[in-house]
Amino acid sequence: MTREVRAFAVTVLTLAALGVAAGLLWSGLTPRAPYEVTTQGTVLADPSTQALIAADGWFAVITGGLGLLCGGVAWFVGRRFMLAVLLGLCAGGLLAAMLTLWAGSTFTIGAVVVEAAAVPGVKVVPGALRLTASGVLVSWPLLAVGFFGLLEGMHGYRESPLRQPFGGLP
């Protein structure tokens with residue numbers, strides 16, 4: 001039982017570390033939405049900006065790609081402890097997505113350019129990264145578990161006696 005717990009813990013901790021790195025990558029690649037400073041607070045400087053949608057898209061691409069990678073690597077490496085690794089992919093993927101969101105919205109990496117939306121005499125500042133579509137948080141665990149299951153299903157079918165109907169007779 002301890003090997004299964006260890007496989008689960010290693011999977012979750014590995015994905016958590018990848019989540020922080022993914023958050024820094026997300027912060028570096030994603031454009032920031034421009035906000036203007038008013039007496040009422042900050043308001044979106046350009047209501048037609050696509051930066052908010054781009055943040056969701058980049059988050060989904062980065063976490064989805066890492067989910068596929070983690071699902072494939074976990075299937076090849078952790079085949080002895082299938083259930084523990086699969087549960088680790090699910091829990092670790094959720095934790096990694098949350099850490100990606102935290103790291104990406106906390107640290108600002110990359111070029112932040114918002115001057116194009118500025119009206120003369122109005123102070124425009126870059127906004128913090130945030131998700132407007134919270135459903136993309138499940139892209140990492142969903143794709144990791146789905147790809148793991150796909151690989152296991154293909155492998156199980158290849159070795160199945162059902163592929164040879166009638167006891168292997170032609």
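**Pocket**

I started with the lining of the largest pocket, and its largest share, seven residues, comes from H1. Helices here are DSSP runs (H or I, at least four residues), numbered from the N terminus. Before going on I noted that this is a predicted model, where local features need pLDDT of at least 70, side-chain atom pairs count only at pLDDT 80 or more, and totals for chains, interfaces and linings use all residues. I also noted that residues are numbered from 1 along each chain as its sequence is written, and that side-chain values use heavy atoms, with hydrogens and water left out.

How much space lies in the largest pocket? I found about 290 Å³. Of the 15 residues lining this pocket, the closest to its centre are Val10, Thr11, Ala74, Val77 and Val85. Two elements give two or more residues to the lining: helix H1 (2-29) and helix H2 (51-77).

I had to look up the terms. On a 1 Å grid over the protein atoms alone, a pocket is an open set of points with protein on both sides within 12 Å along at least five of seven lines, while a cavity is a set where a 1.4 Å probe fits but cannot get out; lining residues have an atom within 4 Å of a point. Grid points are joined across faces, edges and corners, and a volume is the space filled by probe spheres set on the points.

By class, I got 11 nonpolar, three polar and one charged residues in the pocket lining. Nonpolar means Ala, Val, Leu, Ile, Met, Phe, Trp, Tyr, Cys and Pro; charged means Asp, Glu, Lys and Arg; the others, Gly among them, are polar.

**Cavity**

The largest cavity has a volume of about 60 Å³. Its lining includes Pro31, Arg32, Tyr35, Leu52 and Arg130. Which helix gives the most to this lining? I found that H2 does, with three residues. The cavity lining divides into eight nonpolar, one polar and two charged residues.

**Helix packing**

Then I turned to H1 and helix H3 (residues 82-106), whose axes come within 7 Å and cross at roughly 25°. Axes are lines fitted to C-alpha atoms, for helices over the stretch in contact, and angles run from 0 to 180 degrees between N-to-C directions. So H1 is roughly parallel to H3 (angles under 35 degrees count as roughly parallel, over 145 as roughly antiparallel, 65 to 115 as roughly perpendicular and the rest as oblique).

I checked H3 against helix H4 (residues 139-158) too: their axes come within 7 Å and cross at roughly 155°. H3 and H4 are therefore roughly antiparallel. In H3, Met82, Val85, Leu86, Leu89, Cys90, Gly93, Leu94, Ala96, Ala97 and Thr100 meet Trp140, Pro141, Ala144, Val145, Phe148 and Glu152 in H4, where contact means heavy atoms within 4.5 Å. I sorted this contact into 13 nonpolar, two polar and one charged residues.

On the H2 side I listed Phe59, Thr63, Cys70, Gly71, Ala74 and Trp75, which meet Met82, Val85, Leu89, Ala97, Thr100 and Leu101 in H3. This contact has nine nonpolar, three polar and no charged residues.
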